[in-house]
Amino acid sequence: METVNVLGGNGFVGSEFCKTTKLSVIKNTRNDYQIHDKNVVYFISTVHNYNLLESSVIDIETNLITLMRVLDNYKKYPGEGCFNFISSWFVYGQDSGYGLGAKGIKETDTCDPRGFYSITKRCAEQLLISYCDTFNIQYRILRLANVLGANDHKVSAKKNALQFMINQLKLNNTIELYDSGKFYRDYMDVRDCTRAIDMVIRSGDMNCIYNIGNGIPQEFNQLIQYCKITLQSTSKISSIEQKDFHKKVQSSRSFFMNTDKLKLLGYRPEYSIFDTLDEIVESSLT
């Protein structure tokens, strides 16, 4: 494989992939759903569970209807390539556990998502599998962990809360953490993420799912405290109870993924969480 057609390549992860992959990239412009190569990497997606507060159809139209339009076009394209679908850890919707014996959520574990973003991403996976089985199309599903990077300029309290709070620390604003930040997440530098995606689309097995993460649980509060000290911030950090909407739509309390399948392809992280946070903090100071 030398060429890949990228849809949704203007977002945070998609643009980094287009910039760093050694494959020749054919990148579609926005609203171009035509297929230009037998190998596709599909990044088009909403990014959080809060769209429902504005519209009940945004996640459905973006994550499901657009996907089906693209697949209808892909079905007509000759060749024996692969449709690589970028998904999210949100589809699991369950607690991974943490502590002695916890090994992270595997690709074969049960999915029980909540919230329109999470549910439609899981539904998109299932529609993709059924469609590809019906029309003899090869596919891969890549479920991304929490991806961080200094070049993510669209962070908010809804999307990438850690980086949003780093910006608040810079401003010395009060930081409010759900449950004192005593929960865990699986964080991954965007450069490691796109390198892992590249590995999977080059040599991963067909018609299966890959967790794309580091498989290392990181406590949210510890990361906030690290950034507070690094920034010499005077922000006060307080604990609050989760809002009702957040309780209803967000995923598990603590979560990290088992990445054994990814490691079998040779993946090892090049950036620690603290390498990434240092770069984010430095960028926030300029």
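Two strands are taken to pair if DSSP finds at least two bridges between them; strands (E, at least two residues) and helices (H or I, at least four) are DSSP runs, numbered from the N terminus. The model is predicted, so local features need pLDDT of at least 70 and side-chain atom pairs count only at pLDDT 80 or more, while totals for chains, interfaces and linings use all residues. Residues are numbered from 1 along each chain as its sequence is written, and side-chain values use heavy atoms, with hydrogens and water left out.

Strand β1 (residues 3-7) pairs with β2 in the parallel sense over 4 bridges, and N5 stands opposite I26 in β2. Both strands belong to an open sheet of 6 strands with parallel pairing, in the order β2-β1-β3-β4-β5-β9. Because β2 (24-27) and β9 (208-212) are at the edges with a single partner strand each, one side of each has no neighbour in the sheet. From one strand to the next, the twist averages 25°, with axes fitted as lines to C-alpha atoms (for helices over the stretch in contact) and angles taken from 0 to 180 degrees between N-to-C directions.

Helix α2 (residues 58-75) lies across β1, β3 (39-42) and β4 (82-88), at about 170° to β4; contact means heavy atoms within 4.5 Å. Helix α5 (residues 190-203) lies across β3, β4, β5 (139-144) and β9, at about 160° to β5.

Helix α3 (residues 116-135) packs with α2 at an angle of about 15°, the axes being 9 Å apart. The two helices, α2 and α3, are therefore roughly parallel (angles under 35 degrees). Residues in their contact include L64, L67 and L71 of α2 and A124, L127 and L128 of α3.

Key
Angles under 35 degrees count as roughly parallel, over 145 as roughly antiparallel, 65 to 115 as roughly perpendicular and the rest as oblique.
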